[in-house]
Amino acid sequence: MSKIKLFDPFVDESETRAIKRVLDSHFWASGAGSGNVKRFEMKFAKYIGSKNCVAVNSGTAALNLALSMIDIKGKEVILPSLSFVSTANAVIENGGIPKFVDIEEKTLCIDYTKICDAISKKTKIILPVHFAGYVSNLEKIASLCKKFNIDLIEDAAHAAGSSYNNKKIGSHGKFVCFSFHPVKNLAMPTGGLIAINQKSSSNISRILKAKRWCGITNRRNSKYDIKDLGWNYYMNEFSAAIGLEQLKKLDWTNKQRQKNGKRYFNEISIKEKMPFDKGCSYHFYWIRVKNRQKFRKKMFEKGIETGTHYEPIHKFSFYKSKIKLPITEKVSKEIVTLPTHPNLSDYDIDKIIKTVNGLS
Ligand SMILES: Cc1ncc(COP(=O)(O)O)c(C=O)c1O
């Protein structure tokens, strides 16, 4: 019995050829490289309709750097707790205070109706996560940001290729952070990117580019200056070369994910499940079950890998938050994630649906 994997990047000979070209060039880092990183930034910016993009080596790095562009020391950042821990770590990394807000039961994205109660004089940023590729209510969140003079930064780690009001994700928030971790819709060995949508975006992009490489700026021949702290966050040429090939396929691979998501939505008999939305890129598909451990064990025995996304961040020892988030806490105990990747056959999807329905 072959196992159905939860995540599996879609690759063909084009990635193999791209990797060989970088290998043979002997320029593997981006600084002196063969231009793949720059090309990826330009092509991705065009794809999402953003003013400028800065590629980095992970979604975590993208979040850390984007938040470093706004002074949040001692200030609050509003975010959901049902996310990968990097979303909140980036706030702490930059001296800010994470203010967790509950999620909507229907979409598992941050509940904008609860954001209002969480806004205080200290609030600097709202940081929604587009959970599983389903876009948070950006219109409502953006109007709150405008009203209270707060910045919108999006965690779009799950949402490469998702759209909102027919516009690709990446063109809305002041900064939009993507992850290209191998499990993501656009997969690289490791990678991330910050999309910039604001005035002076080329100046901001210059600052971010210095920050992504140890603060190095004003490089002329072998001379350079350091005006600010920076990190070793640059994207390498192999990742960018793979990313360029993955980007060409992204609309098609997302269409396959969406087709699978639509079948789950229509055919899974469980009531608590991810809704269908045309703008969603279905990074994975979620359902909720009561006896999760038993359910996942049975699925595994049938050769179907499932996941749990996520442990709520506010419950981790490091965060020690006493805040009560009833929906997040309930969902995090029940959520099971199903595969949507384009390597799944119709037979695989039939089998997953049949198995889920048989267990519920
Ligand atoms: C919602 C979310 N934010 C941030 C990240 C961090 O991305 P990376 O793993 O590329 O650092 C991830 C990755 O898993 C994620 O799922």
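Q: Which domains does the domain assignment give for this chain?
A: Here the bounds come from an automatic or database domain assignment. You're looking at a predicted model, where local features need pLDDT of at least 70 and side-chain atom pairs count only at pLDDT 80 or more, while totals for chains, interfaces and linings use all residues. Residues are numbered from 1 along each chain as its sequence is written, and side-chain values use heavy atoms, with hydrogens and water left out. The assignment gives domain 1 (13-243) and domain 2 (250-359).

Q: How many residues of domain 1 are in contact with domain 2?
A: Contact here means heavy atoms within 4.5 Å. The C-alpha centres of the two domains lie 25 Å apart. Domain 2 brings 35 residues to the meeting, and the number in contact from domain 1 is 35.

Q: What area do domain 1 and domain 2 bury between them?
A: Buried area is the accessible area (1.4 Å probe) that two parts lose on being put together, summed over both. Carbon and sulfur atoms carry 62% of it, and the total is about 2900 Å².

Q: Which residues of domain 1 lose the most area to domain 2?
A: Three residues together make up 21% of what the domain 1 side buries. They are Phe100, Glu105 and Asn185.

Q: Which residue does the side chain of Glu105 meet in a salt bridge?
A: A salt bridge needs a side-chain nitrogen of Lys or Arg within 4 Å of a carboxyl oxygen of Asp or Glu. Between the two domains the count is 3 salt bridges. For Glu105, the N to O distance is 3.1 Å, and the partner is Arg288.

Q: Which residues come nearest to the ligand?
A: A residue counts as near if one of its heavy atoms lies within 4 Å of the molecule. A polar side-chain atom of Asp155 lies 2.8 Å from a ligand nitrogen, and an N or O atom in the Ser179 side chain is 2.8 Å from a ligand oxygen. Of the 17 residues around the ligand, the nearest are Gly59, Thr60, Asp155, Ser179 and Lys184.

Q: Which residue does a cis peptide bond join to Tyr310?
A: Tyr310 also has a polar side-chain atom 3.0 Å from a ligand oxygen. Its place is in the loop between helix 9 (292-301) and helix 10 (326-334), with helices being DSSP runs (H or I, at least four residues) numbered from the N terminus. The cis bond has an omega of about 10 degrees, and the residue joined to Tyr310 is His309.

Notes. A polar contact is a pair of N or O atoms within 3.5 Å; within protein, one must be able to donate a hydrogen and the other to accept it, and residues adjacent in sequence count only if both atoms are side-chain atoms. Helices (H or I, at least four residues) and strands (E, at least two) are DSSP runs, numbered from the N terminus.
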